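Please look through the structure below before reading on. The text then goes through some of its features in turn.

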Amino acid sequence: MVVSALRTPDEGRSTELLPSPVSFENFVGVFAGNNNFMVSLGNSLIVSSVTTLLTLLFGIIAAYALARLRFRFKGIILAIIIATSMFPGITLIIPLLKMFTGTYEWFPVNWMNTYQALVLPSLSFAMPLCVWNLTAFFRQLPVELEQAAMVDGCTPGQAFRKVILPLAAPGVFTTAIITFIAVWNEFIIALTFGRDQDMQTATVSISKFTGQYGYDTPYGTIMAAGVVVTVPLLIAVLIFQRRIVAGLTAGGVK
């Protein structure tokens, strides 16, 4: 992808191992006015960040309750939560489309081309993963830590906020990274509910790149856009890989 991005625009289908000469014209083309790519990057950043924050806010509360509270059918509830993530996203597009266009009488609101129409469906897919991962993480933290904090004068809420939550940081961070990347790469929801050019995310914008004549495929520009979208995520994962690995392996050994 990087090699193809560094070729000249007329060598987009070249099979040479290295670009010769090295050119940055494709990167210039990515941010050309017709592509509106900077706006699309901003939309992706907003949708991914808001979805990740909401997922963590509700997911942490739900996971902690499932890990610490004792009640009947808790195992069934966890199974239902993880089962909801098994439905293919495409199966929900039609009912969501009818709802967001105000077709249903009980939801007479048009949410097409709005951020909430992009965030809420993504939230429904990210939440099960968050709850499942963090429930396992909270379970492996000794309950005696909270009890000791409450002996020292903390309320249950303060014990959770000041003791448990900092210790759960690796799991929370791992969940945040996975959720952010999943939403950043999401395509079908963004394509369906963000039709206006000003509401398109980066993945949708790349799929609509056109060449010089409007019908040819600009391979070099698409590859350059892929580099712009992918490399920052790779750098973030490399920087925080220790926390990610710690979060993924937490609870695996008793």
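The model is predicted. Two places in the backbone can be taken to begin with. Most residues other than glycine have a negative phi, and most peptide bonds are trans. Against that background, the bond that joins Ser20 and Pro21 is a cis peptide bond, with omega at about 0 degrees. Pro21 sits in the loop between helix H1 (2-5) and helix H2 (25-30). In the loop between H2 and H3 lies Asn36. Its phi is near 55 degrees, which is a positive value in a residue other than glycine.

Next come the helix contacts. Helix H7 (residues 143-151) and helix H8 (residues 156-167) have axes that come within 9 Å and cross at roughly 135 degrees. The crossing of H7 and H8 is right-handed. On the H7 side, the contact is made by Leu145, Glu146, Ala149 and Met150. H8 supplies Pro156, Ala159, Val163, Ile164 and Leu167. Sorted by class, the contact of H7 with H8 has 8 nonpolar residues, no polar ones and 1 charged residue.

H8 also packs against H3, at an angle of about 90 degrees and with the axes 13 Å apart. That angle makes H3 roughly perpendicular to H8. Here Ile60, Tyr64 and Arg68 in H3 meet Phe160, Ile164 and Leu165 in H8. The contact of H3 with H8 has 5 nonpolar residues, no polar ones and 1 charged residue. Ile164 of H8 takes part in the contact with H7 and also in the contact with H3.

How many cavities of 30 Å³ or more does the count give? The count comes to 1 cavity. The largest cavity has a volume of about 80 Å³. Its lining consists of Ser44, Val47, Ser48, Leu118, Ser122, Val183, Trp184, Glu186, Ile189, Ala190, Thr201 and Thr203. The elements that give two or more residues to this lining are helix H3 (37-68), helix H6 (115-139), helix H9 (169-184) and helix H10 (188-193). H3 gives the most, with 3 residues. By class, the lining of the largest cavity has 6 nonpolar, 5 polar and 1 charged residues.

Technical notes:
Residues are numbered from 1 along each chain as its sequence is written. This is a predicted model: local features need pLDDT of at least 70, side-chain atom pairs count only at pLDDT 80 or more; totals for chains, interfaces and linings use all residues. Side-chain values use heavy atoms; hydrogens and water are left out. On a 1 Å grid over the protein atoms alone, a cavity is a set of points where a 1.4 Å probe fits but cannot get out, and a pocket is an open set with protein on both sides within 12 Å along at least five of seven lines; lining residues have an atom within 4 Å of a point. Grid points are joined across faces, edges and corners, and a volume is the space filled by probe spheres set on the points. Helices (H or I, at least four residues) and strands (E, at least two) are DSSP runs, numbered from the N terminus. Ala, Val, Leu, Ile, Met, Phe, Trp, Tyr, Cys and Pro count as nonpolar, Asp, Glu, Lys and Arg as charged, and the others, Gly among them, as polar. Axes are lines fitted to C-alpha atoms, for helices over the stretch in contact, and angles run from 0 to 180 degrees between N-to-C directions. A crossing is left-handed if the near helix is turned anticlockwise from the far one by less than a right angle, and right-handed if clockwise. Contact means heavy atoms within 4.5 Å. Angles under 35 degrees count as roughly parallel, over 145 as roughly antiparallel, 65 to 115 as roughly perpendicular and the rest as oblique.
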